[in-house]
Amino acid sequence: MKIKSAELETMAVSPKTYPNDDLPEIALAGRSNVGKSSFINSLVNRRKLAYTSSKPGKTRTVNFYNINNQFRFVDLPGYGYAQVSKSSRRDWADIINKYLETRTNLKEIILLTDIRHEPTKLDCEMYEYILAAGFSGYVIFTKADKISKGKYQRHKNISIKKLGVKNPSLATVYSSENKFNREKVWEDIEKIINEK
């Protein structure tokens with residue numbers, strides 16, 4: 001996909017502040033330090049479109065990124081960061097759930113997990129939710145540049161098994177640093193947004 005425009009359209013905490021149109025949306029879910037912002041930036045070739053925080057757990061809003069006025073990436077608040085209060089974690093869960101349960105624009109949810117580590121209990125619960133809600137079960141294994149290429153398949157297989165991925169073609173190893181598999185990810189995204 002050729003990127004003609006990419007902008008942060010709005011940062012919302014409730015449905016009343018979501019964009020008011022029918023543009024298709026692809027939500028990105030994952031732990032607070034999994035690299036969702038870097039993933040967006042690398043796909044659209046913009047260094048600072050999505051803000052990357054050095055301190056995990058800072059994002060508390062649903063961030064809507066308009067791409068080519070064709071679709072949106074929706075960056076959901078990261079989950080699972082231990083050094084925040086239980087009430088903050090409940091607030092984040094409420095923000096995420098409101099979006100996922102009310103947004104009719106939502107076409108797909110992509111789960112991002114760190115390829116270096118086995119998916120956590122929360123990752124597995126999110127993946128189960130994605131499937132139970134009728135979505136396809138796309139997974140991006142981020143931070144591939146942190147391990148050697150020779151280890152990709154082994155780590156991918158471990159994560160696929162832990163999550164219970166039924167269709168491995170929907171699971172992709174990715175690096176935001178060197179853009180490994182960027183074309184494959186865009187192929188999947190175009191397939192999602194072009195589906196009726």
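Mentor: Let's start in helix 3, where Lys 121 and Glu 125 sit four residues apart, about one turn of the helix. Keep in mind that this is a predicted model.

Trainee: Why is Lys 121 called exposed?
Mentor: Its relative accessibility is 65%, and exposed means over 50%. So Lys 121 counts as exposed. Glu 125 has 35%, so it is labelled partly exposed.

Trainee: Which strands does the salt bridge between Arg 72 and Glu 9 tie together?
Mentor: The closest N and O atoms of Arg 72 and Glu 9 are 2.8 Å apart. Arg 72 lies in strand 4 and Glu 9 in strand 1, so the pair ties together parts that are 63 residues apart in sequence.

Trainee: Is Arg 72 buried or exposed?
Mentor: Buried: its relative accessibility is 0%, and the limit is under 20%. Glu 9, at 33%, is partly exposed.

Trainee: How do you know that Glu 108 has no salt bridge?
Mentor: Look for the nearest side chain of opposite charge: that is Lys 107, 8.6 Å away. A salt bridge needs a distance within 4 Å, so Glu 108 has none, although it is buried. The side chain of Glu 108 does make a polar contact with the side chain of Ser 136, at 2.9 Å. Glu 108 belongs to strand 5, residues 106–114.

Trainee: Which backbone atoms does the side chain of Asn 41 reach?
Mentor: One is the backbone oxygen of Arg 47, at 3.0 Å; another is the backbone nitrogen of Leu 49, at 3.2 Å. Polar contacts must be within 3.5 Å, so these distances pass.

Trainee: And the sheet: what makes strand 1 and strand 7 edge strands?
Mentor: The open sheet has seven strands in the order 1-3-4-2-5-6-7, with mixed pairing. Strand 1 and strand 7 each pair on one side only. For strand 1, six bridges join it to strand 3, and the two run antiparallel.

Conventions:
Residues numbered from 1 in each chain as written. Predicted model: local features only at pLDDT ≥ 70, side-chain atom pairs only at ≥ 80, totals over all residues. Heavy atoms only, no water. Buried < 20%, exposed > 50% of the residue type's maximum accessible area, 1.4 Å probe, protein only. Lys, Arg positive; Asp, Glu negative; His and termini not counted. Polar contact = N/O pair within 3.5 Å; in protein donor to acceptor, adjacent residues only side chain to side chain. Pairing = 2+ DSSP bridges.
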